[in-house]
Amino acid sequence: MIFKKKQEPAETTPEETAENPFTEAAEELLALEQANELPEGFELKTAAADPAFAGLLAEFEPKAAVRIYVAERRADEAEETAKTRMSEQARTRSALPKSQRTDRAVAPAPDYMSMSREAFRALEQQYRNAAHNGKRVHI
């Protein structure tokens, strides 16, 4: 395991602070990073390039800005995860088969093998009469 020598924060002059208002915040952030006090998943290089983090540093002290930045990133990730999950659910629901005709219930199919001769002949006569009258017969 490699240990880095702890660097003391460089002394800043009032001219440097006036030129770059984030100098003190950067020094504090480096001190937090060296002390391993930054939250898990927080990358200082990535955050330093983000204008939203710079805005937080202007409003809050560095430790609070880091916590707020991490919380906002986690909230954004949770929102994206929820959107993805909801779109997947909607996609699976739309993939379910839909009934072709919703206005009619499905008629039970008659069991011809268990019908008596008289019942079969009566059904056969009904089909013939329907066909004779021009109705469409589904067997």
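First, the ground rules. This is a predicted model, in which local features need pLDDT of at least 70 and side-chain atom pairs count only at pLDDT 80 or more, while totals for chains, interfaces and linings use all residues. Residues are numbered from 1 along each chain as its sequence is written, and side-chain values use heavy atoms, with hydrogens and water left out.

Now confidence. pLDDT is the predictor's confidence in each residue, from 0 to 100. The protein has a mean pLDDT of 77, with 76% of its residues at 70 or more. Confidence is highest in helix H6, residues 117-132, at 90, and lowest in helix H1, residues 14-19, at a mean of 52. Over residues 1-9 the pLDDT is below 50, and this stretch has 3 contacts in the model beyond near neighbours in sequence; contact means heavy atoms within 4.5 Å. Where pLDDT is low, the predicted coordinates should not be read in detail.

Next, the overall layout. The protein has 6 helices and 0 strands. Helices (H or I, at least four residues) and strands (E, at least two) are DSSP runs, numbered from the N terminus. Of the 139 residues, 14% are buried. Buried means under 20% relative accessible area, exposed over 50%, and partly exposed in between, with a 1.4 Å probe and protein chains only. Among contacts between residues at least 6 apart in sequence, 37% join residues at least 24 apart.

Let me turn to helix H4, residues 51-59. Which of its residues are buried? They are Phe53, Leu56 and Leu57. Seen down the axis of H4, these buried residues fall within an arc of 100°, so they line one face of the helix. The arc is that of the directions from the helix axis to the C-beta atoms. On the other side of H4, Pro51, Ala58 and Glu59 are exposed. The cover over the buried residues of H4 includes helices H2 (23-34), H3 (44-48) and H5 (62-94).

H2 and H5 pack at an angle of about 70°, with their axes 9 Å apart. Axes are lines fitted to C-alpha atoms, for helices over the stretch in contact, and angles run from 0 to 180 degrees between N-to-C directions. That makes H2 roughly perpendicular to H5, a label for angles of 65 to 115 degrees; under 35 counts as roughly parallel, over 145 as roughly antiparallel, and the rest as oblique. Ala25, Glu28, Leu29 and Leu32 of H2 make the contact with Pro62, Lys63 and Val66 of H5.

Last, the region between H2 and H3. Phe42 lies in the loop there and is buried, at 11% relative accessible area. Leaving aside neighbours within four places in sequence, Phe42 is in contact with Ala47, Phe53, Val66, Tyr69 and Val70. Glu43 is in the loop between H2 and H3 as well. Is Glu43 buried or exposed? At 53% relative accessibility, Glu43 counts as exposed. Leu44, in helix H3, is buried at 15%. Leu44 touches Leu29, Leu30 and Glu33, not counting residues up to four places away in sequence.
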